[in-house]
Amino acid sequence: MTLQQMEYIVAVDKCRHFAKAAESCGVTQSTLSALVQKLEFELDVTIFDRNSHPVKPTAVGEEIISRAKVLLLNAAQVRELVATRKGESVGKVSLGIISTVAPYLLPKVLKYLSINHPDIELHVEEARVSALISQLESGELDVALLATPVNNSELLEIPVYKERLMAYVSPDEPIHNVPDLQTGRLPVESAWVLREGYCPNRGIFPFCNYKATRQAVYEAGSVETLIKIVDENGGYAIIPELHVPLLQECQQTNVRALTNPEPVREIAFVVHRNFVRERLLNIIADAIKTVIPPAMLDKRLEKFPIKL
């Protein structure tokens, strides 16, 4: 049993096709197939149902693949630990990010890294929280920037910054002229909702305790699209503070602060609990510090490097 065989069965599981898996691993199909069969013979089990189209794991195969992912993650961590001690290049990095953070953070972070760390091979995955958490657990992502808490014992949260959540209100909405918008008194019937983005804060926003608000609940993650929906249909939406500078000047007049209580979300690095790439986190943190106002940064991150 070898790590190479573990890599191959994980690749077949991901691609659900032996030829595509071999291509992704940079080997011939015959080589990959032979080593997978050798593993099956050694364990005296069938890992893949080859009569299925596409190929899929057997019940015991799913359990073996799950453990193979953990083994590969641990092996990668050992290599990263040695590379860190030697001061070697960071190399390939897979970064996950939620779409309510990406528009104002990602462009400048990418620019910073390209100038200051051109040796980093960065792959960015923008997706929903549930998908990013799954990829962190399986080792497909190195690190993700998420709104916390994620409430997962397998993952470690490292706070980066906090930002206020604000209301973007249509001029046709009665609350547009209310000078002091109170969070607990926001009207439910006129809210347009990014449920995944803000409703983990159950009890803060009134609309989070309802199955529906208007005719539709926007389940994707684009704040820009949500704003266009409000502009076209009326009502209001909740947007992150850092999205406000991206609005047109006329749209910025529709932004209202919220009080009683003032809603705030925390954005954090989320990594697997066994993650060891400390140097990588500090490089990305340095990039983020060039974008986020100092007053919003986590006080520990502002003063000290990240220590795992």
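Helix α4 gives the largest share of the lining of the largest pocket, 9 residues, where helices are DSSP runs of H or I with at least four residues, strands are runs of E with at least two, and both are numbered from the N terminus. This is a predicted model, in which local features need pLDDT of at least 70, side-chain atom pairs count only at pLDDT 80 or more, and totals for chains, interfaces and linings use all residues. Residues are numbered from 1 along each chain as its sequence is written, and side-chain values use heavy atoms, with hydrogens and water left out.

The largest pocket has a volume of about 1,400 Å³. Of the 39 residues that line this pocket, Lys14, Ser94, Gly139, Glu140 and Leu141 are the closest to its centre. Besides α4 (59-86), the elements that give two or more residues to the lining are α1 (3-15), α2 (18-25), β3 (92-97), β4 (121-126) and α6 (129-138).

Turning to the cysteines, a search of the whole structure finds 0 disulfides, a disulfide being a pair of cysteine sulfur atoms within 2.5 Å.

As for confidence, the chain averages a pLDDT of 88, and 92% of the residues score at least 70, on the predictor's scale from 0 to 100 for each residue. Confidence is highest in helix α3 (residues 29-43), at a mean of 96, and lowest in helix α7 (residues 195-198), at 59. Where pLDDT is low, the predicted coordinates should not be read in detail.

Notes:
On a 1 Å grid over the protein atoms alone, a cavity is a set of points where a 1.4 Å probe fits but cannot get out, and a pocket is an open set with protein on both sides within 12 Å along at least five of seven lines; lining residues have an atom within 4 Å of a point. Grid points are joined across faces, edges and corners, and a volume is the space filled by probe spheres set on the points.
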